[in-house]
Amino acid sequence: MSEQTLYERLGGEDAIAAVVDRFYERVLADDRLVGFFEDVDMQKQRAHQTQFLSAVAGGPVDYTGKDMQTVHADLEIRRSDFDAIATHLEQTLVEFDVDADERNAILEAFGSYEDAIVTAAD
């Protein structure tokens with residue numbers, strides 16, 4: 001039997017979508033971050049994030065959104081903003097009982113996009 005992908009271990013797309021929903025509840029409740037999402041279609045944003053996390057977790061999903069640098073170029077995201085988002089992601093994964101190795105794999109994949117997303121100095 002082949003080893004399961006991280007996507008499968010997390011519970012597939014429905015489980016990842018639930019994590020994404022809770023993640024955005026946390027992010028939108030954060031005064032430091034909510035401004036980044038004022039003019040964003042959050043249903044579409046949640047779908048893109050679910051697709052993105054599914055893809056980076058090895059799921060049978062291809063991320064079809066724009067590249068990270070293009071999407072975030074005009075947002076003036078600072079490293080502290082990126083770190084706050086990463087913290088919300090980690091806390092959400094803890095809340096969903098995702099074990100430490102799986103959390104670290106997701107956070108590492110997320111962190112690999114930091115240079116493309118962070119465009120402003122703190």
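A polar contact is a pair of N or O atoms within 3.5 Å. I keep that cut-off in mind for the first entry, and I note that the model I am reading is predicted.

**Entry 1: Glu102**

I looked up Glu102 and found it in helix α6. Is Glu102 buried or exposed? Its relative accessibility is 11%, so I put Glu102 down as buried. I then checked its side chain for a partner. A polar contact of 2.5 Å joins the side chain of Glu102 to that of Arg9. Leaving out residues up to four places away in sequence, I found that Glu102 touches Leu6 and Arg9.

**Entry 2: aromatic pairs**

A pair of aromatic rings is described by the distance of the centres and the angle of the planes. I searched the whole structure and got 4 aromatic pairs. I wrote down two of the pairs in detail.

One of them is Tyr24 with Phe37, an edge-to-face pair with 5.7 Å centre to centre and 75 degrees between the planes. Where do Tyr24 and Phe37 lie? Tyr24 is in helix α2 (residues 12-28), while Phe37 is in the loop between α2 and α3 (42-56). The two are 13 residues apart, and the pair links distant parts of the chain. Tyr24 counts as buried because its relative accessibility is 2%. Phe37 has 15% relative accessibility and therefore counts as buried.

I then looked at Phe52 and Tyr113, which form an edge-to-face pair at 5.1 Å centre to centre, with 70 degrees between the planes. Phe52 lies in helix α3 and Tyr113 in the loop between α6 (100-111) and α7 (114-117), so this pair ties together parts 61 residues apart in sequence. Phe52, at 6% relative accessibility, counts as buried. Tyr113, at 29%, counts as partly exposed.

I also noted one aromatic cluster formed by Phe23, Tyr24 and Phe37.

**Entry 3: the largest pocket**

Rolling a probe the size of a water molecule over the atoms shows where empty space is left. I looked up the largest pocket and noted about 730 Å³ of space in it. Which residues lie nearest its centre? Of the 25 residues that line the pocket, these are Tyr24, Phe37, Gln45, Val71 and His72.

I listed the elements that give two or more residues to this lining: α2, α3, α4 (68-72) and α5 (79-95). Helix α3 gives the largest share, 5 residues. By type, I sorted the lining residues into 16 nonpolar, 5 polar and 4 charged.

Note on methods
Residues are numbered from 1 along each chain as its sequence is written. This is a predicted model: local features need pLDDT of at least 70, side-chain atom pairs count only at pLDDT 80 or more; totals for chains, interfaces and linings use all residues. Side-chain values use heavy atoms; hydrogens and water are left out. Rings of Phe, Tyr and Trp (its six-membered ring) pair if their centres lie within 6.5 Å; planes under 30 degrees apart count as stacked, over 60 as edge-to-face and the rest as tilted. Helices (H or I, at least four residues) and strands (E, at least two) are DSSP runs, numbered from the N terminus. Buried means under 20% relative accessible area, exposed over 50%, partly exposed in between (1.4 Å probe, protein chains only). On a 1 Å grid over the protein atoms alone, a cavity is a set of points where a 1.4 Å probe fits but cannot get out, and a pocket is an open set with protein on both sides within 12 Å along at least five of seven lines; lining residues have an atom within 4 Å of a point. Grid points are joined across faces, edges and corners, and a volume is the space filled by probe spheres set on the points. Ala, Val, Leu, Ile, Met, Phe, Trp, Tyr, Cys and Pro count as nonpolar, Asp, Glu, Lys and Arg as charged, and the others, Gly among them, as polar. A polar contact is a pair of N or O atoms within 3.5 Å; within protein, one must be able to donate a hydrogen and the other to accept it, and residues adjacent in sequence count only if both atoms are side-chain atoms. Contact means heavy atoms within 4.5 Å.
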